Structures are given as structure tokens and as C-alpha cells.
Amino acid sequence: LINQPARSTTLTAVQAARRAGALISYDPNLRAPLWPSLNAARIGILRALPHADIVKVSAEELGFLMRGDDPEHPGSLAPPVLNELAARLLRRAPALSLLVVTRGAEGCCWYRPNEAPGDAPGFAVEAVDTTGAGDGFVAALLSGLCERDIASREALRSRSLELGPLLREANAVGALTTTRKGAIPALPTPAQIERFLAR
């Protein structure tokens, strides 16, 4: 989304995928030095939000997007504040079916339209390298949705979808990814995730 022609190409592809019935997942993964400015990053990221069904942001990214916080020095991110910022984001992107806000070792919160927020506990681990933690989290979330045959917006919004266990596992994958160096090499196997959760 940073430069043309990649930006317009990506948005065109996303719109075509949505029209074809695909669920769209979006992790803005803010990397401020790659953008011309923080303001350009905020505008660019917000422009893409209305096209997504699932959005994952960190608490710091949510503060940046909804309040203009400095991502390196955010304001208060206590749960009541996160709830208000999440509600603002949902109003800005009415097609959004699931918003997940990650909070590191504190776990994550999730938000769906017209529902009370939920949260899943995190895991305290000895972190070696946080690179790839968000990618691991999203991979676990999406693979968990696939395993539950969640392939439509209606299924994603269904009250019968239990997000707690799914996001607890995603938190575990994110945590485990920080315990080794590298992004891809640090991703855990299903057996490692199972052993970790059993402990």
C-alpha cells in the first residue's frame, strides 16, 4: 500500500476477491520508516480498512490509527480505552466482521459488530526475537478459521463461532515465535503448539 503501482493493484485485487466471495484478512503491520511520513501511513492504512473482513492490529497500531498516537510512545491503552478505539474503527469500516487487537504477553481482545468485546489470555515467555510474532498470530487465526470451515461473512459473524479457544491458540503461536530468532524459522509446528498449550 505504500507506493504505486503496487497500491492500486493491491486494492483492485482485494475488491475483485471480495466480489467473488473471498474473505479478506488485513494486518497493516506498520513499518513507519518505509512510509514517506506517519501521516501518509495513517491515511494509507485507513484507506484499505473498508475492504477487509478480518483486521488484526496491535494495541499501539490501534492508537496510531484512531488517535494519531506516536507508535513508539502511545497514550493510554488500558482496556476501556482500547474498547472505545475499537468501536471507532468498527464504525469506520462497517463491512468488518472481526477486529483483533493484540497486546503482547497480555493476550488479545476481539471485537465484532453488535457484540460485547472478548479477550483471550496471553503467555509469558522468554522472548529472543519478536520478529514474526504478528505473522504467526495471524497464520494461526486464519488456519483456525479454515479448520472450522469459516468461509463466509455470515459464518464469521455467527454467534456460534467460539473465538476464545481459537485466539488462545493464536496467542500461543505468537508467543512461541518470539522464543527463537528469525521470522519463518521461528514459527512453531502443530506438535510444538500442542505441547506448549498442554503445559
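This is a predicted model: local features need pLDDT of at least 70, side-chain atom pairs count only at pLDDT 80 or more; totals for chains, interfaces and linings use all residues.
View 1. Because five of the five residues of S3 are buried, the strand is largely enclosed by the rest of the structure.

**View 2. The strands paired with S3 are S2 and S4.** Strand S2 (residues 54-58) runs parallel to S3 and is joined to it by five bridges. Ser58 is opposite Thr102 of S3. S4 pairs with S3 in the antiparallel sense, over four bridges. Val101 has Cys109 of S4 as its bridge partner. The hairpin of S3 and S4 has five residues between the strands, and there Gly104 takes a positive phi near 65 degrees.

**View 3. Helix H7 and what covers its buried residues.** Of the 15 residues of H7, 11 are buried, so the helix is largely enclosed by the rest of the structure. Among them are Leu163, Leu166, Asn171 and Thr177. The cover over the buried residues includes strands S3, S4 and S5 (118-120), together with helices H5 (133-147) and H8.

**View 4. The packing of H7 against H8.** Helix H7 (residues 163-177) and helix H8 (residues 190-198) pack at an angle of about 105 degrees, and their axes are 10 Å apart. The two helices are therefore roughly perpendicular to each other. H7 contributes Arg168, Glu169, Ala172, Val173 and Leu176 to the contact, and H8 contributes Gln192, Ile193, Phe196 and Leu197. Six of these residues are nonpolar, one is polar and two are charged.

Technical notes
Residues are numbered from 1 along each chain as its sequence is written. Side-chain values use heavy atoms; hydrogens and water are left out. Axes are lines fitted to C-alpha atoms, for helices over the stretch in contact, and angles run from 0 to 180 degrees between N-to-C directions. Angles under 35 degrees count as roughly parallel, over 145 as roughly antiparallel, 65 to 115 as roughly perpendicular and the rest as oblique. Contact means heavy atoms within 4.5 Å. Ala, Val, Leu, Ile, Met, Phe, Trp, Tyr, Cys and Pro count as nonpolar, Asp, Glu, Lys and Arg as charged, and the others, Gly among them, as polar. Buried means under 20% relative accessible area, exposed over 50%, partly exposed in between (1.4 Å probe, protein chains only). Two strands pair if DSSP finds at least two bridges between them.
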